[in-house]
Amino acid sequence: MSQDVRVAPGFINGDVSFWMRDIGLPTQRASLAGDIEVDVAIVGGGLTGLWTAYYLTKAQPELEIAIVEKYFAGFGASGRNGGWMSAEPAGQFRRYAAAHGAESARAMQREMFTAVDEVVTVAQQEGFAEDLVKDGLIHVATNGPQLARARAHLDELREQGWGKDDVFELGVDDLRERVNVHGMRGGYWTPHCARVHPAKFTRGLAAVVEALGVTIYEGTTAESIAPRAVRTDHGTVRAKYVVQALEGYTHSLPRQERRLLPMNSSMIVTERLTEQQLDAIGWRGAELVGDMAHGFTYMQRTADGRVALGGRAVPYDFNSSFDERGRTADRSVGMLSKRLGEVFPALRNVQIDHSWSGVLGVPRDWCAAVNFDRDAGILSAGGYVGHGLSGTNLAARTLRDLILGEQTDLVRLPWVGRTARNWEPEPLRWIGATALYAVYRAADGRENHSQSGKTDVLARAANVISGR
Ligand SMILES: Cc1cc2nc3c(=O)[nH]c(=O)nc-3n(C[C@H](O)[C@H](O)[C@H](O)COP(=O)(O)OP(=O)(O)OC[C@H]3O[C@@H](n4cnc5c(N)ncnc54)[C@H](O)[C@@H]3O)c2cc1C
């Protein structure tokens with residue numbers, strides 16, 4: 001570990017996430033014990049799988065539903081993320097609009113607003129809303145090009161259907177009332193975002209789903225998915241419908257190696273901050289905070305008074321490999337700690353209690369999709385590109401309607417039936433992803449010294465190449 005990083009005694013690197021350690025790693029539920037037959041088999045015990053089971057069983061309690069999960073519910077991104085339950089679109093408006101028209105893309109945006117409120121309401125009703133607070137989301141610009149991008153983004157949001165009460169531009173003084181980011185020049189706030197403790201939330205939803213009669217088989221790995229059947233290392237699950245809910249782990253199934261790129265996102269969390277430190281950073285509410293850099297830093301002030309900060313330090317490892325338990329390269333921990341000190345100089349000497357990583361699934365066109373092969377009875381959802389906390393809820397309600405054959409507005413959304421081309425084979429995939437993020441980092445550095453209000457030419461070129 002770099003000498004600049006001050007780790008706390010008992011510092012943990014990996015072991016799933018700070019959130020899981022905070023509530024204690026669970027005892028694994030029973031594995032599948034031989035072949036079974038059910039109505040719906042769900043592969044993956046993250047939020048896509050759990051929400052799908054929740055809505056299906058609420059709609060038709062007599063359905064027999066089984067979830068197969070390799071480790072335990074919430075082991076993947078759903079139990080490790082930054083806890084931003086935001087309404088930002090799980091994909092790119094312009095691409096949905098190009099394929100289905102602007103009104104269809106706006107309908108998708110409206111559903112994302114609804115998804116945030118739906119999640120908050122259900123979590124409160126079902127009793128797993130601990131630490132969940134809807135205080136909104138702030139984006140802060142700290143240089144001229146970032147400020148110009150923030151303003152241009154506000155214009156785009158207006159075109160995408162964000163009304164006057166959905167997002168507010170903030171000047172430096174308005175920002176300072178909520179958070180004191182070093183060098184801030186302006187930004188915006190939207191009320192459509194809730195802070196989540198990912199492990200409490202996911203474990204709570206899993207318990208609710210189980211109490212409703214869904215069986216969760218843990219320690220059970222799906223080896224392949226075929227029409228109306230999931231073959232696992234503990235037997236075969238035959239089902240009328242199979243829902244693939246693996247997001248960042250999709251590449252582990254045969255013939256799906258290049259469908260979604262497993263993008264690493266890494267996080268650190270500080271020790272509990274003192275009152276003086278909290279005063280210095282001026283962050284007392286539960287707003288989520290992010291920057292406008294190309295490398296993108298996301299932060300949460302946790303309910304117990306820490307700062308959790310994440311970013312794409314080393315975004316992709318060769319051949320889609322990654323440490324499943326979340327161990328994070330020292331270099332990444334160093335980069336994130338340095339970023340924490342840049343954002344909040346008062347926290348430069350704070351101790352880091354935990355670092356961890358996880359993977360989210362990125363499609364080649366950066367647009368999430370919900371798919372249904374009716375003949376094979378196979379459905380899938382994922383590719384939320386960092387907006388999975390609310391995206392999984394919207395996807396799950398859509399999967400429910402597709403399975404039940406309901407002709408609702410949800411099944412007409414532009415992400416239904418969307419396919420992207422595969423990612424390039426190795427080593428091109430690794431070279432491309434690594435080079436791209438190096439360029440974004442260089443562009444961020446150059447923008448810090450830029451006198452103009454224009455996005456750096458390197459980043460503009462990288463956006464064209466990456467399709468972002
Ligand atoms: C560090 C990090 C920060 C993030 N921050 C945010 C954020 O702040 N806001 C936001 O909206 N999104 C965020 N995301 C993305 C978001 O967490 C995901 O998009 C979302 O949780 C995906 O849920 P899922 O259920 O589709 O996949 P996952 O939660 O990854 O679930 C997939 C499950 O499948 C299991 N599995 C894997 N292989 C197999 C197999 N062969 N057989 C059976 N089971 C298998 C895994 O163990 C896992 O539990 C973040 C992601 C990461 C990694």
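**Figure 1. Parallel pairing of strands E2 and E3 in the predicted model.** Strand E2 (residues 36-43) pairs with E3 in the parallel sense over 4 bridges. E2, H2 and E3 form a right-handed β-α-β unit; right-handed denotes that, with the strands pointing away from the viewer, the path from the first strand over the helix to the second runs clockwise. The model is predicted, with local features requiring pLDDT of at least 70 and side-chain atom pairs counted only at pLDDT 80 or more, whereas totals for chains, interfaces and linings use all residues. Residues are numbered from 1 along each chain as its sequence is written, and side-chain values use heavy atoms, with hydrogens and water left out.

**Figure 2. The two faces of strand E3 and its pairing with E9.** Strand E3 (residues 65-68) is covered on both faces, with Ile65 and Ile67 buried on one side and Ala66 and Val68 buried on the other. Buried means under 20% relative accessible area, exposed means over 50%, and partly exposed lies in between (1.4 Å probe, protein chains only). E3 also pairs with strand E9 (residues 215-217), in the parallel sense and over 3 bridges. Here Val68 stands opposite Tyr217 in E9.

Figure 3. The shell around the ligand holds 36 residues, of which Thr48, Glu69, Ser78, Ala222 and Leu389 come nearest; a residue is near if one of its heavy atoms lies within 4 Å. By class, the shell has 15 nonpolar, 17 polar and 4 charged residues. Ala, Val, Leu, Ile, Met, Phe, Trp, Tyr, Cys and Pro count as nonpolar, Asp, Glu, Lys and Arg as charged, and the others, Gly among them, as polar.

Figure 4. A nitrogen atom of the ligand lies 2.9 Å from a backbone N or O atom of Trp84. A polar backbone atom of Gly386 is 3.1 Å from a nitrogen atom of the ligand, and a polar backbone atom of Gly388 is 3.0 Å from an oxygen atom of the ligand. On its own the ligand has 1000 Å² of accessible area, 98% of which the protein covers (Shrake-Rupley method, 1.4 Å probe; for residues, only the protein chains shown count as cover). Helix H2 (47-59), strand E17 (352-363) and helix H10 (388-404) are the elements that give two or more residues to the shell.

**Figure 5. Strand E13 and its antiparallel partners.** Strand E13 (residues 260-270) is largely enclosed by the rest of the structure because 11 of its 11 residues are buried. E13 runs antiparallel to E17, joined by 11 bridges, and Leu261 stands opposite Val362 in E17. Strand E16 (residues 307-311) is likewise antiparallel to E13, with 4 bridges; Ala308 in E16 is the bridge partner of Val269.

**Figure 6. Thr250 in a loop.** Thr250 lies in the loop between strand E12 (235-244) and E13. Thr250 counts as buried because its relative accessible area is 3%. Its side chain reaches the backbone oxygen of Glu247 at 2.6 Å.

How values were computed: A polar contact is a pair of N or O atoms within 3.5 Å; within protein, one must be able to donate a hydrogen and the other to accept it, and residues adjacent in sequence count only if both atoms are side-chain atoms. Two strands pair if DSSP finds at least two bridges between them.
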